[in-house]
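User: I want to learn how to read salt bridges and helix faces in a model. Can you take me through one?

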Amino acid sequence: MATERTLSIIKPDATKRNLTGKINAKFEDAGLRIVAQKRIHLTPAQAGKFYEVHAERPFYGELCEFMASGPVVVQVLEGEGAIAKNREVMGATNPKDAAPGTVRADFAESVGENSVHGSDAPETAKEEIAYFFAGLELVG
């Protein structure tokens, strides 16, 4: 399996509860390295642009409002099969369906406030990383 990079976002529900370190420990314990990281507060327009792929879906407005409701931690994770590994560590979107010990099983408050976001494919990861980070910020 190849070394990959993927975008990870620790969402407002998790940063509000000071869970950044606990969530990052799960990623690092799974063999992923954090090669870029910053805490930001998205505007509704920035959240809307990032999630524009979902613009036609009924939850889009609520998602953008939520993502702009407080600080998030955007980061790039690197490792063997990082995209799949990150998604495994995050767990199912619905915390009720998430495997025990995953981020969402342990920390998510609901389907909407599910603590983390992760890229779903290599092409998506490349686009999402570029949305938040310049090449010089990636220090793997």
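Analyst: Lys85 and Glu88 both sit in helix 5 (residues 82-90), three residues apart, about one turn of the helix. Helices (H or I, at least four residues) and strands (E, at least two) are DSSP runs, numbered from the N terminus. This is a predicted model: local features need pLDDT of at least 70, side-chain atom pairs count only at pLDDT 80 or more, and totals for chains, interfaces and linings use all residues. Residues are numbered from 1 along each chain as its sequence is written, and side-chain values use heavy atoms, with hydrogens and water left out.

User: How far apart are the closest N and O atoms of Lys85 and Glu88?

Analyst: A salt bridge is a side-chain nitrogen of Lys or Arg within 4 Å of a carboxyl oxygen of Asp or Glu. For Lys85 and Glu88, the closest N and O atoms are 3.8 Å apart. A search of the whole structure finds eight salt bridges.

User: Is Glu88 buried or exposed?

Analyst: Buried means under 20% relative accessible area, exposed over 50%, partly exposed in between (1.4 Å probe, protein chains only). Glu88 is exposed, at 53%. Lys85 is partly exposed, at 25%.

User: Which residues of helix 5 are buried?

Analyst: They are Ala82, Ile83, Asn86, Val89 and Met90. These residues lie on the same side of helix 5, because they cover an arc of only 130 degrees around the axis. That arc is taken from the directions from the helix axis to the C-beta atoms. Ala84 and Glu88 are exposed on the other side.

User: What covers the buried residues of helix 5?

Analyst: Contact means heavy atoms within 4.5 Å. The cover includes strand 1, helix 2, strand 3, helix 6, strand 4 and helix 7 (122-132). After helix 5 comes Gly91, with a positive phi near 90 degrees.

User: Which parts of the chain does the pair of Glu78 and Arg5 link?

Analyst: Glu78 forms a salt bridge with Arg5, with the closest N and O atoms 2.8 Å apart. The pair links distant parts of the chain: Glu78 is in strand 3 (residues 72-80) and Arg5 in strand 1 (residues 3-10), 73 residues apart. Glu78 is buried, with a relative accessible area of 14%. Arg5 is partly exposed, at 30%.

User: Which residues do salt bridges with shared partners join into one network?

Analyst: Arg5, Arg33 and Glu78.
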